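This briefing covers the charged side-chain pairs of one structure. Please look at the sequence and the model before reading on.

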Amino acid sequence: MSTSRINLCRALVVGSLSAAVVAAGSVAAFASSEPTIKELMADCASGTGKCTFNDPVVKGAYLGDYHQVSNTLYNCSTSPATQSMDWSDSVGSTDTLETSITAGGKISGIVDLSVTAKYGHTWSTEHREGGSLGMTVKPGEVGWISRAQAMRQVYGTWQTHYDNPHWGHYYWYWHDTITSPAPNGTDGVTNAVVVKTRPMTDQEKKSCEVHGKRAFTSGVRVEKTVPKRPAPSSETPQPGDGRTPNSREEDTHHAS
């Protein structure tokens, strides 16, 4: 084979490899340019994207986790301690990213509009309540007031529409589950307020030395809870044409 042909073959091989590297780089660049759900939700909240919450499905109500809503009463005396304790509670909404949904915000308004249109009732995103309750704590024990809120979840698909392409598309879709407080009595589930007590720990008993042989209250919360929330979403947002999510093909027109 002549020298010129050898050089030509080498040039073709090098050119092909270079093209492959460029193509791979383009794919990587395209993948890295795709949005996260958090970024899209931020655009929904700010109004940068025109967002709707489509096809909502409201699940049955259930009783949420008990959580401490009062100060703690420590009884360091040798006789039962009876006292009236004030309590207050605020329960909000979260999505599958465990992001708080603020009552009165744009996201809560979009969800409420969607649920109301389908079911004929509003969607509450926050509940506040308070009161007082008497409790009796035995010597050497601690007591507090705990509350559980009626909760419910709504599943749906977010759609965002941009006036100009964002991340190469006018429309993006992703699924979401929103957990919110439900009105008391929803589906027969009622809120609960109870008094809880337990023996003092060794560390808590040491605090009695400072307060003497008497009962005292503290703002320290002693009830440990692990909220049961939907697993964080690992879904990747999907582009679409304004009607249904389709394959990852770049939109070339502005759908109305």
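How many salt bridges does the structure hold? The structure holds 6 salt bridges, a salt bridge being a side-chain nitrogen of Lys or Arg within 4 Å of a carboxyl oxygen of Asp or Glu. The model is predicted, so local features need pLDDT of at least 70 and side-chain atom pairs count only at pLDDT 80 or more, while totals for chains, interfaces and linings use all residues. Residues are numbered from 1 along each chain as its sequence is written, and side-chain values use heavy atoms, with hydrogens and water left out.

**The network around Arg147**

- Asp89, Glu129 and Arg147 are joined in a network of salt bridges.
- In the pair of Asp89 and Arg147, the closest N and O atoms are 2.6 Å apart.
- Asp89 belongs to strand E5 (residues 81–91) and Arg147 to strand E9 (residues 141–148), so this pair ties together parts 58 residues apart in sequence; strands (E, at least two residues) are DSSP runs, numbered from the N terminus.
- Arg147 also forms a salt bridge with Glu129, at 3.0 Å from N to O.
- That pair links distant parts of the chain, with Glu129 in strand E8 (residues 127–137) and Arg147 in strand E9, 18 residues apart.

**Exposure in the network**

- Asp89 is buried at 9% relative accessible area, and Arg147 is buried at 0%; buried means under 20%, exposed over 50% and partly exposed in between (1.4 Å probe, protein chains only).
- Glu129 is partly exposed, at 32% relative accessibility.

**The pair of Arg128 and Glu126**

- Arg128 and Glu126 form a salt bridge, their closest N and O atoms being 3.1 Å apart.
- Arg128 is exposed at 61% relative accessibility, whereas Glu126 is partly exposed at 31%.

Terms used. Helices (H or I, at least four residues) and strands (E, at least two) are DSSP runs, numbered from the N terminus.
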